[in-house]
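The following exercises are intended to be worked with the sequence and the coordinates at hand. Each task is followed by a solution in steps.

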Amino acid sequence: MEIGILSTSGGKQLATLTVDPNSTLKELKTQIHRLKSHLYPDRQEFRQEPRGKGLDESKTVAALGLKNHSKLYLKDLGPQVAWKTVFLTEYAGPLFVYAWIYQRPWLFYGEGAANQPMSQVAHIAAYCWVIHYTKRILETLFVHRFSHATMPVRNLFRNCAYYWIFAAYVAYHVNHPLYTAPCQMQSYIALGFWTICELGNFSIHWALRNLRPPGSKERRIPRPTKDPLTLMFNLVSCPNYTYEVGGWVAFTIMTQCLPAGLFAFAGFYQMAVWAIGKHRAYKKDFKDYPRGRKAIIPFVF
Amino acid sequence: MSAAKKAPSRVLSLPARIYLIFYNAIQFLGWSFLLYKMVDFVVNQDLEGKSLWEHVEIPLLIFQSGAILEVVHCACGITPSSTIITFAQVYSRVFLIWPILYKVPDARDQIGFSLLLLAWTVTEVLRYLYYVLNLISLVPGFLLWCRYTFFIILYPAGVTGELLCCYRALSHYSETQEFSILLPNAWNFTFNFYYYTILVMLAYIPVFPQLYTHMFVQRKKILGNKKHD
């Protein structure tokens, strides 16, 4: 049978494909790629209406009710970049930027700044920062299972700008020769809290990885595992975000640095938006989703 | 420059409508007065040796600051524009008149200020007159044409003037560190007004093209349709 492919912008006929009823949309994408070499499959999104929802590429032509001479709309999602690439780039930046500014380069602080004394907590903060982003990179490489393959290229620039600029902003203040450390007790307690949050965040990532076996598309309610840090699942839908926010609040208290607090707040805001979305999706998909669980802050929201 | 309003048939309560007519009329009169003062300065060159800034300072500060109310109008829903966009536009104006022009004499009395004043006065006279007449559904086609055509020259001229004034003010903030928070302090926070001004200037790069093209889109929509009537 023949399917007409129309563009979502303008409705122009882009191609006519010959398909079987059992062909998946994924196979159709391959066909289109052969016809238009710049439209690799990750860049294509099929819709039944020009402004409709994107269709699951694993669905077959028959499952969508398409017949001979039916029409499908194709949206060009624009140049794509692999999610992994975005994550690695956006996390590598803060690592190098902070480590560089930690050296107190003359570019930021003038000549001789590197020779001035540095408080113990500024050293500890640098180690915490490097550990945090190294952990993120390792998780990206070995732990996370990504549900999407790619995202639009402009996200790469936007995300990197956010991470890299904030890294420079925080690093500039904590490593400044005129930085004032808070009392040691405050820093040590905050450091302890930070450590728990980092371990907690990792525990959740690990638990989420094991929630769904590779290749399966089954969705399940996340629950605590043997790891006690995963008990947070009983209180919130997205304990990974809870621990992440906790970690940055701890970092802020440890350094008593308002710029770090602003970074923590910005991250919190974004993660809260994501958590609320995820929380709603869970409640919609699972009739037996545990009540009493909040989105990101236990007992609050 | 404000985002274009929707067609006059908005559901506005009578008190809100009366208030808005009142507000826009006052702004129209204020900016007309400023336009008059500016033309007066150009025509009668020697006025007790006063500069252009001295000629217009007080009404400019009053009427431009008054525009802050427009953000409140959006937030309350009595005007249809986006609160965020209106905030950005009013913010840039208030930023220019207070920390740049009022605070730094060097920023005044150069071509930048003249461009800025010309662009602002003509634009605002047209804009506020349009709003008043729009609220009573009596906008003449000629005014509509002016509002959606003059911007083509005035908007870039105004932006050029604004950037020149900001640039002239930079050395003052770099030297005096006024409005800046320095280290050391308990919260390890800094704020450098000099860099902040540079940041504001850089923000024009992404924002201006968007607003400028938006005005062209509006022009096509509003003036384009009129031709078919």
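What percentage of the contacts in chain A with a separation of 6 or more is accounted for by residues 24 or more positions apart? The share is 75%, where contact means heavy atoms within 4.5 Å.

This is a predicted model, in which local features need pLDDT of at least 70 and side-chain atom pairs count only at pLDDT 80 or more, while totals for chains, interfaces and linings use all residues. Residues are numbered from 1 along each chain as its sequence is written, chains are lettered from A and ligands numbered from 1 in the order in which they are written, and side-chain values use heavy atoms, with hydrogens and water left out.

**Exercise 1. Describe the architecture of chain A.**

Step 1. Determine the secondary structure. Chain A has eight helices and six strands; helices (H or I, at least four residues) and strands (E, at least two) are DSSP runs, numbered from the N terminus. The order of the elements from the N terminus is β-β-α-β-β-β-α-α-α-β-α-α-α-α.

Step 2. Consult the annotation. UniProt, in an unreviewed entry, places the feature "domain: Ubiquitin-like" at residues 1-74 of chain A; UniProt positions are given in the numbering used here, feature names are shortened, and annotations may be inferred rather than shown by experiment.

Step 3. Of the 301 residues in chain A, 44% are buried (under 20% relative accessible area; exposed is over 50%, partly exposed in between; 1.4 Å probe, protein chains only). Chain A exposes about 16,400 Å², of which carbon and sulfur atoms supply 61%; the areas come from the Shrake-Rupley method with a 1.4 Å probe, and for residues only the protein chains shown count as cover. There are 35 positive and 18 negative side chains in chain A, and the centres of the two sets lie 4 Å apart. Lys and Arg count as positive and Asp and Glu as negative, without His and the chain ends; each charge is placed at NZ of Lys, CZ of Arg, CG of Asp or CD of Glu.

**Exercise 2. Explain why chain B may be called as compact as a globular protein of its length.**

Step 1. Chain B has eight helices and zero strands.

Step 2. Its radius of gyration is 19 Å, close to the 17 Å that the globule rule gives for 229 residues, so chain B is as compact as a globular protein of that length. The radius is taken over C-alpha atoms, and the rule is 2.2 Å times the number of residues to the power 0.38.

Step 3. Of the residues of chain B, 47% count as buried.

Step 4. An unreviewed UniProt entry lists "transmembrane region" at residues 20-39, 153-173 and 193-212 of chain B. Residues 20-39 of chain B are 100% helix, with end C-alpha atoms 28 Å apart. Residues 153-173 of chain B are also 100% helix, and there the end C-alpha atoms are 31 Å apart.

**Exercise 3. Examine individual residues of chain B.**

Step 1. Is Ala107(B) buried or exposed? At 0% relative accessibility, Ala107(B) is buried. Ala107(B) lies in the loop between helix H4 (83-102) and helix H5 (111-135) of chain B, and its contacts beyond four places in sequence include Phe113(B), Cys165(B) and Arg168(B).

Step 2. Tyr19(B), in helix H1 (residues 14-43) of chain B, is partly exposed at 31% relative accessible area. Leaving aside neighbours within four places in sequence, Tyr19(B) is in contact with Leu69(B), His73(B) and Ile78(B).

Step 3. Leu183(B) and Pro184(B) are joined by a cis peptide bond with omega about -5 degrees. Most peptide bonds are trans. Pro184(B) is placed in the loop between helix H7 (151-176) and helix H8 (193-228) of chain B.
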